Amino acid sequence: MTCPFRKIDPSQHNYNVSFSRAEPVKKSWLTKIISFPISLKNSLQDLYAVAVKGNIRTALENRYNRSNYLSQFNPFQKLIFSAEPAVMKEILNASKDDPEGLFLPRNVKSGFSKFLSDVLGETLLPDDSMRTCSDKMAKNFRKPLSKFIGLSSIRNHTQILEEIAIETVKNWGKTVTVEVNEQCNIYTATVISKLMIGHPGIGESYSDIADATNYFNKYLAMAEPRQIFCKKFSNEYKQSVCTIRNAFNRCMTLASTDSSDSLIKEMIKEGLSPIQIKSTFFLSLAAGVETTSSLLTYLLWQLGQDKQAQILMREELNNEKTLYEAATQSVFLDSFFSESLRMFTPVYMLASSKTHPLKFSVKDHQDKVVHEERIDKDSLLVVTPTFAARNPDRFENPDSFEPTRFLNNNEDYSWLPFGFNKHTCPGKNLAIKEIKLLVAEIMRNYEISSHPNEEITTIGYFTLKVSENVQLRLKPLKKAE
Ligand code: HEM
């Protein structure tokens, strides 16, 4: 389906966004995808409005007592949601000179800043984190990351990745039933910790790190935005902070004495300061463990429901190729992965405030402006990939899982599951590769079946998670002589 938006010149200071009139989207489109345990729940129900109407402000004002609704956030901030890729891109484009973001709210005593100073042991200043730094500094943060986990460089770490996948599957195969959520978490924490630190022993076990990141994810979302840090810290919170802090400190010490290759060493070489390295480490754990493991859990559950898909996948994977080659060259696995990512897009909200005003215009089929407004620089613009992935205007049968949907399709993640522009995910290739490697190794050795048998439910914490336990049974394949 072609995009109904006309091309917008990103070099312009003001952006014109045009909407064609679409059939109203049913509210169930939104609510059935995610259930939220958080106070954002009500507000998110109106996300659909901008996807079809554009005029989110009127929709919100009609539905809510405005002051109540907005008081959860900065009362002077307007919230504008978008689930339409062309608009989403414009919003993310416009944040290229945005010095703020999630990690550095204006009030450094609240929100994530407080949380981060608990974890990192210091208060972050601008330029201490890739989320908040200047454009110039952003390159310094991203360079070592892309050297390590970027598209071309990831091949240098193929062996490490293969070893972790093979070892993980070997361990899973020893048990009757694998608790997938937990085991996927440990797998992704292991991959990131090993690449970051370059050393298997980091004081804390990988499962401790996985538990800690999992807990932060839940804890942050369960709390009321205004009260998160006023509450007495629970023991679990303290324990998680302690685990991550010890891991940081230990990895910094190891980096100076250990001879093996690691991302931390790469960051030291680039001249990043200890707090900048720590914040990147934390960010990579927070951004890379839960997201990848939840998606992997969902994918394995889908695959475990579908014997035919397993047969098709195995046809492309059972060959003399290395695990890495087989996993990355299988077109069916690639399509299955993309469809899983579409149905389960872990990052459902990307928010950014603007440093300059934008112009937002809504046009009808005849290109006539039906609504126009200035979005001033204090507006909070929210981009919603999870919802864009289910837009019925873009995907046929958007709520049904179709493993072959992307087989002959050069659609390149148009719903922006990995973001776009300045903050686009530097771990995208790592995530794709680690998931495919594990799946390929399982498929080469086992037939799998998953429980529950009905559609699994999801829940929106900090990122989207599978809300119930998924169990996987592995039945060894008979190897041909
Ligand atoms: C399926 C898995 C993953 C998904 C869906 C995902 C998604 C995203 C998205 C949407 C963003 C953009 C945030 C924004 O614009 O505000 C992002 C940023 C980021 N991701 Fe990922 N990610 C995944 C895995 C990973 C992995 C494995 C790493 C490992 C290092 C990672 C590290 C990061 C970092 C460091 C950022 C911040 C980049 C910046 O602010 O400049 N992610 N991710």
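Reply: The residues of the shell around the ligand divide into 15 nonpolar, seven polar and one charged, where Gly counts as polar and Cys as nonpolar. The model is a predicted one, in which local features need pLDDT of at least 70 and side-chain atom pairs count only at pLDDT 80 or more, while totals for chains, interfaces and linings use all residues. Residues are numbered from 1 along each chain as its sequence is written.

Of the 23 residues around the ligand (C-beta atom, placed from the backbone, within 6 Å), those that come nearest are Gly288, Gly419, His423, Cys425 and Gly427. Helix H14 gives the largest share of the shell, seven residues, and helix H19 (428-445) is, like H14, a supplier of at least two; helices here are DSSP runs (H or I) of at least four residues, and strands (E) of at least two.

H14, which spans residues 274-304, also packs on a sheet, where it touches E7 and E10 (contact: C-beta atoms, placed from the backbone, within 7 Å). The direction of H14 makes about 105° with that of E7, taken between N-to-C directions of lines fitted to C-alpha atoms, on a scale from 0 to 180 degrees.

That sheet is open and antiparallel, with three strands in the order E2-E10-E7, a pair requiring at least two DSSP bridges. Because E2 (177-179) and E7 (446-451) each have a single partner strand, one side of each is left without a neighbour in the sheet. Neighbouring strands are turned by 30° against each other on average, direction ignored. E7 pairs with E10 (residues 471-476) over six bridges, and Glu447 stands opposite Lys475 in E10.

Definitions and conventions
Two residues are in contact if their C-beta atoms, placed from the backbone, lie within 7 Å.
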